[in-house]
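Subject: Structure handover

Hi,

Here is the structure I promised to pass on. Please open it next to this note. My findings follow below.

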Amino acid sequence: MKENNYEKIVELYHLLGDDENLLSVFYTNDYAVPFKSLKLYPIQVDLFFFFQLFSQCLEEPHRTSGDMKAISMSYLQFICYLATEKNRPELLVFLTELLSIVCRVPSYKKNEKGDKISNIEINLSNYSIRIGEEVISSKEFDKMRKIILEQNGSELPDESLNPELVKAYKEIEEFKRKNNNIKLCDFEEQINVVVAQSSCTRDEILQMTIRSFMSLFERLMMITEYKIKSLLSPYMEKKDIGKIVHYLTDTHKTLKERIESETTNEQALRETIEGKQG
């Protein structure tokens, strides 16, 4: 798309009341999402490891943390609480640096005297964030947090799920991987796979957004698996042929949907683990 289409998309987005259902237009086109006077830019692959580290500050269990004090807090207040009262000051550093990357605003700037001063400041008294000249409230940060995670291929934690149910599901998935000797290659090797399977160069991949790269990698794996299983289909049983998934199938599922597809009962999850281990 041409650059002037971005301005038109922003105009339509505001015209329709900043409808969250339209955010996918920005995500799909790898465009920055307008947020007050700021722009939230999707992060590129070459910064993946920093995103992986810094995004911890957006994924802390809040309502399901078991801390009664946290229940009535906003998420931003909760992060400040963890940093100041639970000895996790790194969370505020992670948040500052993540916002610097996403908003493309330097963490620090120099004043007229040449002194280094904060350009991104987290206010611990009223739980707001100043980014340059813009101030983000706790409520506004909730929306910002959701956008940053989604536009970078991550998922806003679903705290409506029972933590024990999530834990049980993850135990089953880990058991499956170990039982089937499945170990997903690291991120660098995933880049090498895409280079080998596509016309993209390594430099081009490093300039992609994380979300686009993850989507491309997943689809390439689906295409490869489909081709292999299609070749083997004459030698497969009918029940196995029916399980071949076409590479155009929508396979994206939220954590809640993945758990529901496994089972809807926490006890059944536990029994499955115990049965396989016994």
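Is Lys-146 buried, partly exposed or exposed? Lys-146 is partly exposed, with a relative accessible area of 23%. On this scale, buried means under 20% relative accessible area, exposed means over 50%, and partly exposed is in between (1.4 Å probe, protein chains only).

Two notes on the source. This is a predicted model, in which local features need pLDDT of at least 70, side-chain atom pairs count only at pLDDT 80 or more, and totals for chains, interfaces and linings use all residues. Residues are numbered from 1 along each chain as its sequence is written, and side-chain values use heavy atoms, leaving out hydrogens and water.

**Salt bridges**

The search of the whole structure gave 9 salt bridges. The term stands for a side-chain nitrogen of Lys or Arg within 4 Å of a carboxyl oxygen of Asp or Glu.

Start with Lys-146. Its side chain meets that of Glu-150 in a salt bridge, at 2.8 Å from N to O. Both residues lie in helix H6 (residues 138-151). They are 4 residues apart, about one turn of the helix. Glu-150 is also partly exposed, at 23%. Salt bridges with shared partners join Glu-20, Lys-146 and Glu-150 into one network.

A word on labels: helices (H or I, at least four residues) and strands (E, at least two) are DSSP runs, numbered from the N terminus.

Next, helix H1 (residues 3-15). Here Glu-11 forms a salt bridge with Lys-8, and their closest N and O atoms are 3.6 Å apart. The two sit 3 residues apart, about one turn of the helix. Glu-11 is partly exposed at 46%. Lys-8 is partly exposed at 42%.

Then Glu-121 and Arg-130. Their side chains form a salt bridge at 3.3 Å, N to O. Glu-121 is partly exposed, with 43% relative accessibility. Arg-130 is partly exposed too, at 23%.

**Helix H4**

How many residues of helix H4 (residues 75-85) are buried? The count is 8 of its 11, and the helix is mostly covered. Among the buried residues are Tyr-75, Phe-78, Cys-80 and Tyr-81. Leu-76, Ile-79, Leu-82 and Ala-83 are buried as well.

What do these buried residues pack against? Their partners are helix H5 (90-103), strand E5 (120-123), strand E6 (128-131) and H6. Contact here means heavy atoms within 4.5 Å. Just after H4, Asn-87 takes a positive phi of about 55°.

Best wishes
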